2 protein chains.
Amino acid sequence: MAEENKTAAASQEQVQNDDDVVTPFEINAKDDTGIDYDKLIDKYGCFPITPELIARIERAIGEKCHRFIRRGIFFCQRDIEQILDAYENKKPFYLYTGRGPSADALHMGHCIPFIFTQWLQRVFDVPLVIQITDDEKYIYKPEIELDGPKGSIAMGLQNVKDILAFGFNPDKTFIFSDCGYIGHMYQNVIRVQKHVNYSQIKGIFGFKAEDNVGKFAFPPVQAVPAFSNTFPHIFGKGHFPCLIPAAIDQDPYFRMTRDIAQKLKYKKPASIYSTFFPALQGKKSKMSSSDPNSSILVSDKPEDIKKKINKYAKTGGGQTVEEHRANGCDLEVDVPFQYLTFFMEDDDLLEDIRVKYAKGDLLSGEVKMQLIKIIQAFVVELQTARKKVTDADVEHFMSIRPIEKMPTKWLAAKASSAVEAGVTLFSDSVGNMQTASV
Amino acid sequence: MAEENKTAAASQEQVQNDDDVVTPFEINAKDDTGIDYDKLIDKYGCFPITPELIARIERAIGEKCHRFIRRGIFFCQRDIEQILDAYENKKPFYLYTGRGPSADALHMGHCIPFIFTQWLQRVFDVPLVIQITDDEKYIYKPEIELDGPKGSIAMGLQNVKDILAFGFNPDKTFIFSDCGYIGHMYQNVIRVQKHVNYSQIKGIFGFKAEDNVGKFAFPPVQAVPAFSNTFPHIFGKGHFPCLIPAAIDQDPYFRMTRDIAQKLKYKKPASIYSTFFPALQGKKSKMSSSDPNSSILVSDKPEDIKKKINKYAKTGGGQTVEEHRANGCDLEVDVPFQYLTFFMEDDDLLEDIRVKYAKGDLLSGEVKMQLIKIIQAFVVELQTARKKVTDADVEHFMSIRPIEKMPTKWLAAKASSAVEAGVTLFSDSVGNMQTASV
């Protein structure tokens with residue numbers, strides 16, 4: 001999923017001079033209060049995540065929603081009700097997310113969808129597919145690269161190790177690289193390519209006539225993992241609902257996917273979208289690998305994290321302690337506080353900081369200190385997990401294999417009711433449960 | 001390779017109102033004398049096949065050139081001298097041709113490249129790859145086809161059986177379907193897609209903004225079999241020269257391929273191009289599957305062939321016998337005589353007919369009778385061979401396997417000189433000859 005590349009022009013439909021720029025290729029808010037997400041919801045035709053919806057999710061999963069939902073970080077969605085309908089009726093669905101492998105280690109912004117997707121997979125106990133778009137990263141790189149996409153493919157495999165550190169379920173997660181799996185996706189890719197024309201792709205993504213045709217050919221490749229028949233080893237020929245957790249800039253891909261799903265009589269994927277993780281320099285832009293000073297990397301050492309936050313994180317506080325105590329802090333533009341909303345788990349503590357920091361009772365340096373500890377702990381934990389990831393793990397997660405579609409608790413319930421009824425159960429070769437009389 | 005589909009506009013660079021239309025999607029001469037091929041040579045920047053070149057080929061292969069070359073049916077080329085250089089210096093090269101599987105059986109026009117390619121493979125004894133563009137045929141079909149490209153894939157497998165009836169060398173021929181082999185081609189496909197932009201594809205193929213993006217994505221798929229590293233099971237990582245026998249309307253694909261080869265530091269493919277096989281109704285258009293009255297199919301019965309030629313073949317003779325005897329026949333527009341130049345092997349007999357028919361000594365009915373016999377014999381022979389083709393043959397030709405790159409006579413010469421030198425020879429696993437001391 002393209003993030004840093006700005007070679008393509010911002011989408012024509014999305015660029016207005018007095019407006020935020022939000023495309024898969026560029027994020028640029030008009031000022032330091034960041035993107036106007038309410039406006040984006042209207043423009044994209046998404047739906048906000050309401051308190052009622054949050055309550056319904058919590059009833060379904062039997063626990064509190066992730067802080068990203070509670071705090072409006074995952075803030076809008078399409079058709080998530082249909083996913084909940086399926087789940088409540090004990091019908092399987094699956095999750096799909098992805099990553100465009102860049103030359104750098106993941107930064108904190110890249111972690112957001114993976115943290116959230118890991119949570120979704122844990123609470124719903126459903127299959128997850130993760131697409132590594134090594135083809136896209138190669139197509140978008142301005143360099144000629146005479147050895148072709150080999151660099152992007154290798155980087156993708158490194159990124160898979162980072163991804164595995166988030167703790168996805170090894171029994172229910174299939175990770176694939178486009179260059180490796182394309183043979184299995186191609187029939188769906190050309191179905192999608194046949195049903196979207198040049199003008200539409202141009203309108204959605206804002207490409208220009210001098211853009212390479214790989215860019216025009218790629219969006220269908222990102223579309224097809226949203227169709228369950230792209231994974232016959234998991235779903236057979238069935239059509240199962242798909243939920244896509246992603247950052248909001250990826251919506252153009254999935255609006256296109258939903259339009260075409262209708263033409264192909266496939267299920268339209270549901271989606272749940274996050275805001276952007278701000279750059280250290282402020283909410284005007286998101287954290288980006290292409291600017292090392294804007295980003296905290298998952299490979300950073302604790303002292304790097306401390307330095308970067310202390311040196312670069314833009315605050316909304318006063319210029320002097322006196323001014324800060326007198327006028328308080330503008331939390332809307334304050335990056336350390338924004339980061340705390342992403343990473344501090346304790347709601348009460350966060351609220352306490354919010355109130356005190358806004359009034360000026362807490363200094364920016366004190367808030368930064370709390371943030372540094374939390375980010376350091378998160379990164380150390382991730383690095384520890386990353387070190388344990390082996391090549392064999394990568395091979396396992398990327399192997400084409402049957403995956404159980406049903407949450408274990410449904411199977412357990414079924415099994416116990418079957419035992420009561422005097423039958424035995426066994427799994428068939430594609431991981432579906434079969435019932436046989438004894 | 002698209003032939004019948006006319007949904008794409010003819011290439012802008014190729015269409016002028018007072019001119020022939022020649023694109024991969026449409027052939028339309030301005031009158032019944034047919035396409036002005038000399039003009040096409042100039043426009044495309046190809047080179048004529050000169051008597052000197054024919055003599056050089058005959059010296060290299062040690063036999064007379066195929067009638068298609070002797071009679072100017074394969075009439076122009078690019079870089080064929082480099083192929084002859086390689087052959088004369090005992091360096092391997094390979095042949096690449098293809099077929100877009102249409103719903104109908106092959107017609108006589110489809111046979112021309114296969115007859116010629118079979119001859120090339122026999123006289124040079126080199127590897128041949130044949131691409132079945134099932135993806136392209138699906139992308140170009142106007143129907144939605146909810147089961148995707150399955151119909152085109154199945155048709156492709158049927159077409160492979162037709163193709164095998166031409167007698168390709170089972171030890172040196174690899175046939176692949178795009179939908180089946182794309183996983184092996186994809187890295188080269190995206191290399192090509194990255195190096196050609198929308199404007200260029202539009203200019204070369206004349207696509208419109210409302211054309212689906214599959215059409216824009218496809219030309220790179222037809223390009224990459226011209227690069228030997230698309231077939232590592234045959235060529236390893238080496239770059240070997242490629243010769244493409246095809247009809248001249250395919251040149252846009254290979255002009256694009258040559259441009260990009262240069263950017264990628266790949267070898268530019270050589271090509272040798274044929275004129276079109278005229279429709280029964282005359283040289284204004286080529287034989288086409290979409291008009292059954294214009295075409296003789298390889299599945300036609302002898303009596304069908306007789307009926308079609310007698311009923312539909314346009315002649316250049318007089319309206320009455322008297323007029324014909326008095327004024328002779330205009331061979332330029334006479335379809336039966338054109339067909340004889342394609343299918344009658346005997347040069348002297350053909351010359352005799354030419355002279356007598358032009359003068360009016362031979363009647364159109366008499367020439368048609370000779371033609372009918374020849375076409376019937378050809379079709380019966382092909383049908384007999386087709387009946388012997390088994391599913392196992394198809395599987396063999398389409399299996400990904402090592403193929404010997406070197407002509408057998410070179411290997412034999414090497415072997416005998418090695419034996420004289422007191423060493424033994426054996427083949428390694430990729431079919432290359434290795435020498436080991438005893």
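User: What rotation superposes chain B on chain A?

Analyst: In this predicted model, a rotation of 180° with 0.0 Å of shift along its axis does it, at an RMSD of 0.0 Å. That is the relation of a two-fold axis. In chain B, the C-alpha nearest that axis belongs to Gly183(B), 2.0 Å from it.

User: Do the copies meet through the same surface or different ones?

Analyst: The same surface, because 100% of the interface residues of chain B are also interface residues in chain A.

User: How many residues are in contact?

Analyst: 42 residues of chain B contact 42 residues of chain A. The two chains bury about 3400 Å² between them. Carbon and sulfur atoms hold 64% of that.

User: How many salt bridges and polar contacts between the chains?

Analyst: Zero salt bridges. Polar contact links 26 residue pairs across the interface, both residues at pLDDT 80 or more.

User: Which helix of chain B gives the largest share of that side?

Analyst: Helix 8 of chain B, with 10 residues. Helix 8 spans 178–194. Other helices of chain B supply at least two residues each, including helix 7 (150–164) and helix 13 (251–264).

User: Switching to the core. Which residues touch the most other members?

Analyst: The largest nonpolar core has 123 residues. Phe231, Ile248 and Met256 of chain A and of chain B touch the most other members.

User: What does Ile248(A) touch?

Analyst: Leaving out residues up to four places away in sequence, its contacts include Tyr37(A), Leu40(A), Phe75(A), Cys76(A) and Phe276(A).

Methods
Residues numbered from 1 in each chain as written. Chains lettered and ligands numbered in written order. Predicted model: local features only at pLDDT ≥ 70, side-chain atom pairs only at ≥ 80, totals over all residues. Heavy atoms only, no water. Least-squares fit on C-alpha atoms with pLDDT ≥ 70 in both. Contact = heavy atoms within 4.5 Å. Core = buried A, V, L, I, M, F, W, Y, C linked by side-chain atoms within 4.5 Å. Buried < 20%, exposed > 50% of the residue type's maximum accessible area, 1.4 Å probe, protein only. Buried area = accessible area lost by both parts, 1.4 Å probe. Salt bridge = Lys/Arg side-chain N within 4 Å of Asp/Glu carboxyl O. Polar contact = N/O pair within 3.5 Å; in protein donor to acceptor, adjacent residues only side chain to side chain. Helix = DSSP H or I, 4+ residues; strand = E, 2+ residues; numbered from the N terminus.
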